[in-house]
Amino acid sequence: MDRTIKVGIIGDFNPGLGFHNATNEALKHAARALSLAVDFKWLPTKSLEDQSEQKKLEQFDALWGSPGSPYNSMDGALQGIRFAREMGWPFIGT
Amino acid sequence: MLGIRDAEHEESAPGGSTLFISKLACSLVGKTQEIKITPDSIAHRAYGKREAMEQFFCNYGLNPVFRNEVTKGKLSITGVDPEGEVRIVELSDHPFYVATLFLPQVASRPEGPHPLMLAYLKAAAAFQARRNG
């Protein structure tokens with residue numbers, strides 16, 4: 001059984017946006033090549049305005065700043081990114 | 001993180017006093033550019049080479065006025081386009097913190113995952129292993 005990596009994607013998922021689907025697929029491609037399993041979850045930016053939601057970011061092994069501005073909440077997105085930066089969570093912003 | 005308290009994005013706050021992220025001189029939507037990568041950076045270790053072709057889907061980027069401000073903090077510019085415009089930044093005192101103006105995920109294929117995605121998930125696996133002791 002492959003190890004499972006949990007990724008939190010900071011962004012407002014829109015199934016009509018090709019690059020949002022590409023984000024999910026790219027994680028699966030890379031995980032398979034590394035013999036890992038990936039469990040990803042999109043985190044709506046509005047929810048990240050809430051301090052208790054920010055605390056929940058600790059459950060992930062890495063965070064991703066999704067493309068697709070403007071975010072529903074720029075403040076929520078920035079709070080999530082700040083968590084990754086200040087707490088030392090692996091982060092990619094694309 | 002740079003102490004620019006009123007930093008704004010031109011798309012969401014076009015009248016902001018400090019437009020840290022501004023509209024690009026020409027849109028990059030649908031364009032492919034060659035990126036030059038700084039040696040010994042996270043990006044360089046990920047790609048294993050000094051240049052890469054990448055696809056863009058954006059109309060906004062770092063306002064060139066703030067370029068020097070960016071590198072005064074802990075962020076380093078580690079990827080630029082042929083004109084020297086900022087395309088990749090990363091944090092040096094962090095396990096893995098990379099931001100790109102292009103979309104690496106779009107170039108990923110089942111048989112050819114993107115090198116930055118591989119490096120990112122490797123960093124996540126190492127982080128998980130450290131946390132689990």
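# A tour of chains A and B

Select chain B to begin: it carries four helices and eight strands, where helices (H or I, at least four residues) and strands (E, at least two) are DSSP runs numbered from the N terminus. This is a predicted model, in which local features need pLDDT of at least 70 and side-chain atom pairs count only at pLDDT 80 or more, while totals for chains, interfaces and linings use all residues. Residues are numbered from 1 along each chain as its sequence is written, and chains are lettered from A and ligands numbered from 1 in the order in which they are written.

**Chain B as a whole.** Followed from the N terminus, the elements of chain B run β-β-β-α-β-β-α-β-β-β-α-α. Of its 133 residues, 33% count as buried; a residue is buried if 20 or more other C-beta atoms, placed from the backbone, lie within 10 Å of its own, exposed if 12 or fewer do, and partly exposed in between. Among the contacts in chain B with a separation of 6 or more, 50% are accounted for by residues 24 or more positions apart, two residues being in contact if their C-beta atoms, placed from the backbone, lie within 7 Å.

**Chain A as a whole.** Now select chain A, which has three helices and four strands in the pattern β-α-β-α-β-α-β along the sequence. Of the 94 residues of chain A, 40% count as buried, and residues 24 or more positions apart account for 80% of its contacts with a separation of 6 or more. Viewed along the principal axes, the C-alpha atoms of chain A fill a box of roughly 35 × 30 × 15 Å.

**The interface.** Show both chains together: 33 residues of chain B are in contact with 30 residues of chain A. On the side of chain B that touches chain A, the elements giving two or more residues are β8 (97-100), α3 (104-107) and α4 (115-131) of chain B, and the largest share, 11 residues, comes from α4(B). By class, this side of chain B has 22 nonpolar, eight polar and three charged residues, with Ala, Val, Leu, Ile, Met, Phe, Trp, Tyr, Cys and Pro counted as nonpolar, Asp, Glu, Lys and Arg as charged, and the others, Gly among them, as polar.

Next, colour the strands in the order β2(A)-β1(A)-β3(A)-β4(A)-β8(B)-β7(B)-β6(B)-β3(B)-β4(B), which make an open sheet of nine strands with mixed pairing; two strands pair if DSSP finds at least two bridges between them. Because β2 (36-43) of chain A and β4 (51-55) of chain B stand at the edges, each with a single partner strand, one side of each is left without a neighbour in the sheet. The twist averages 25° from one strand to the next, with axes being lines fitted to C-alpha atoms, for helices over the stretch in contact, and angles running from 0 to 180 degrees between N-to-C directions.

Zoom to where the chains join in this sheet: strand β4 (residues 91-93) of chain A and β8(B) pair in the parallel sense over three bridges, and A:Phe91 stands opposite B:Tyr97 in β8(B). Then move to strand β3 (residues 32-37) of chain B, which is joined to β4(B) by five bridges and runs antiparallel to it. Here B:Ile35 has B:Ala52 of β4(B) as its bridge partner, and B:Lys36 stands opposite B:Glu51 in β4(B). Two bridges join β3(B) to strand β6 (residues 75-80) of chain B, again antiparallel, and in β6(B) the bridge partner of B:Lys36 is B:Val80.

**Helix α1 of chain A.** Select A:His20, A:Ala22, A:Thr23, A:Ala26, A:Leu27, A:His29, A:Ala30 and A:Ala31, the buried residues of α1(A). What covers these buried residues includes β1, β2 and β3 of chain A together with α3 and α4 of chain B. After α1(A) comes A:Ser35, whose phi is positive, near 55°.

**B:Phe127.** Which helix of chain B holds B:Phe127? B:Phe127 lies in helix α4 of chain B, where this residue is partly exposed because 19 other C-beta atoms lie within 10 Å. Leaving aside its neighbours within four places in sequence, B:Phe127 is in contact with A:Asp61, A:Ala62, A:Pro90 and B:Pro95. To finish, select B:Phe96 as well: its C-alpha atom and that of B:Phe127 are separated by 9.5 Å, the two residues being 31 residues apart along the chain.
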